[in-house]
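Me: I would like to learn how to read helix packing and cavities in a protein model. Where do we begin?

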Amino acid sequence: MTFRRFLKPFLSLALLVGVGSSLWAAPAVQAVLFTSPYCPHCRHLKQNGFPQQFREKHQGQVELLEYDLTEQANNVLFFQTLKEYQLESAGIPMLVVGETILQGYPTQIGTGADEAVQKAIANGETTRVPGLKPIEKAPAKAQTPAEPAESTSQPKQPAAAEETAAAQPEPAEEAPASTEEIAAQAEEAQMQAHENLFSQITLWAIIGAGLADGINPCAFAVIVFFVSFLAAYKYTKKEIIIVGTAYCTAVFLAYLLMGLGAFHALYAMKGFRYVTLAVQWGTIGLCVIFLALSLYDFIVYQRTKKSEKMLLQLPKSYKEYIHKVMRFFLRDKHSSMWRLLLAAFAVGFVVSGVEAVCTGQVYLPTCVVILKEAGSQSWKAAEYLIMYNLMFVLPLVLVFVLTLCGKESATFNSWLKKHLGLSKFLLCCVFLGLLLLMLANMF
């Protein structure tokens, strides 16, 4: 009776200790998932509920941490992780488990996440992401008390047998996995090739968009007036060099800052998924509208050879305002060179802001494409943006160089009229290309 009286509390205590130790036991490995709300594959991963399914499937074994790469600190951590694993670049979504890095969903992450967890646990691997708290290996210590219990007499051999049995299944599982691994590697190589090709297409599309926007009738008409203005006020070659350099630099910087401002606005909406999607689909809708209007302008000009009936052009009031700004700042050409330089710089900024009403039709969709292609890699987005704006100011620079070589404004004006239809056709191609790129990135 006394024995039973003490046995019941003892068993209850043992049960509590057992449950408590199982709850206390830390996960065997950590996994880190890098995503961005602007990445369509990341959104697909989240919509399919991968993080939740992954946690439920490996409950007690894996601790999954998620990092949003639109946060600057997480972006830095992403590149530190690449450096830790000796990688120059990587795509997102990216899952790091122990020594394994998986990129893309559903290709690598969807098919290889479970195998990566098993490999990390079996080999005792540590996920080498800077800033992670190392896991205390509680599960390994929890198994050691079984050894003294089994080391009393005969169980030593079964323990060895169990270890052998535990070690044996690994080679047995590798045989079927090798076929899957080969298929996964082939699929990965194919996906990487497609991504590289898509990046090249995007780069050339951005270069083409910048050049087409640079000879956009809205922008080129302003260039022609500027050159004729300098000729009318009898600017010397030295003054044209100063004014031209300051003006081109100001236009480049103004458009670059506008692009960075657009990036900042889009990043600010990262937490509002439906707003982000609305902006993306809205930009696609604008591309469709501008494509239709550019096609209309092309057809109308080819039939009538008159630009007055074209729809996509700078309003007359805006043109008059630009002319007033140029006259106000640059009519006093006898002022000091520094004042002339500052005046030309101011004209460049003001004119860029006004004509952006027209040139922004190409610029805004291009910024959306750049942001989606670059993802979390801000340096890549900056490179694309700089490339676009260099291409945009290239026609402007060429006009100033030709002016120094003796070409008159009438030459540029006749060239614009002769190739106005071609410039509209190029704009149609640009809008169509941007539309296809945005649609490809949405799915």
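Reply: Begin with contact, which means heavy atoms within 4.5 Å. The model shown here is predicted.

Me: Which residues of helix 10 meet helix 15?

Reply: From helix 10 come Ala 219, Phe 220, Ile 223, Phe 226, Val 227 and Leu 230, and they meet Phe 392, Leu 396, Val 399, Phe 400 and Thr 403 of helix 15. By kind, the residues of this contact are 10 nonpolar, one polar and no charged.

Me: How is the packing of two helices described?

Reply: Two numbers describe a packed pair: the angle between the axes and the distance between them. Here helix 10 (residues 217–232) and helix 15 (residues 378–404) have axes 11 Å apart, at an angle of about 25°. Angles under 35 degrees count as roughly parallel, and therefore helix 10 and helix 15 are roughly parallel to each other. Their crossing is right-handed.

Me: How many cavities of 30 Å³ or more does the structure hold?

Reply: There are two. The largest cavity contains about 80 Å³ of space. Its lining includes Ala 219, Ile 223, Phe 392 and Leu 396, residues that also take part in the contact of helix 10 with helix 15. Helix 10, helix 11 (237–268) and helix 15 each give at least two lining residues. The lining has eight nonpolar residues, one polar and one charged.

Me: What volume does the second largest cavity have, and which residues line it?

Reply: The second largest cavity has about 50 Å³. Among its lining residues are Tyr 38, Leu 266, Gln 280 and Lys 372. Helix 12 (273–304) and helix 14 (337–374) are the elements that give two or more residues to this lining. The lining divides into five nonpolar, two polar and one charged.

Note on methods:
Residues numbered from 1 in each chain as written. Predicted model: local features only at pLDDT ≥ 70, side-chain atom pairs only at ≥ 80, totals over all residues. Heavy atoms only, no water. Axes fitted to C-alpha atoms, helices over the stretch in contact; angles between N-to-C directions. Helix = DSSP H or I, 4+ residues; strand = E, 2+ residues; numbered from the N terminus. Parallel < 35°, antiparallel > 145°, perpendicular 65-115°, else oblique. Left-handed = near helix turned anticlockwise from the far one by under 90°. Nonpolar A, V, L, I, M, F, W, Y, C, P; charged D, E, K, R; others polar. 1 Å grid on protein atoms, 1.4 Å probe; cavity = no way out; pocket = protein on both sides within 12 Å on 5 of 7 lines; lining within 4 Å. Points joined across faces, edges and corners; volume = space filled by probe spheres on them.
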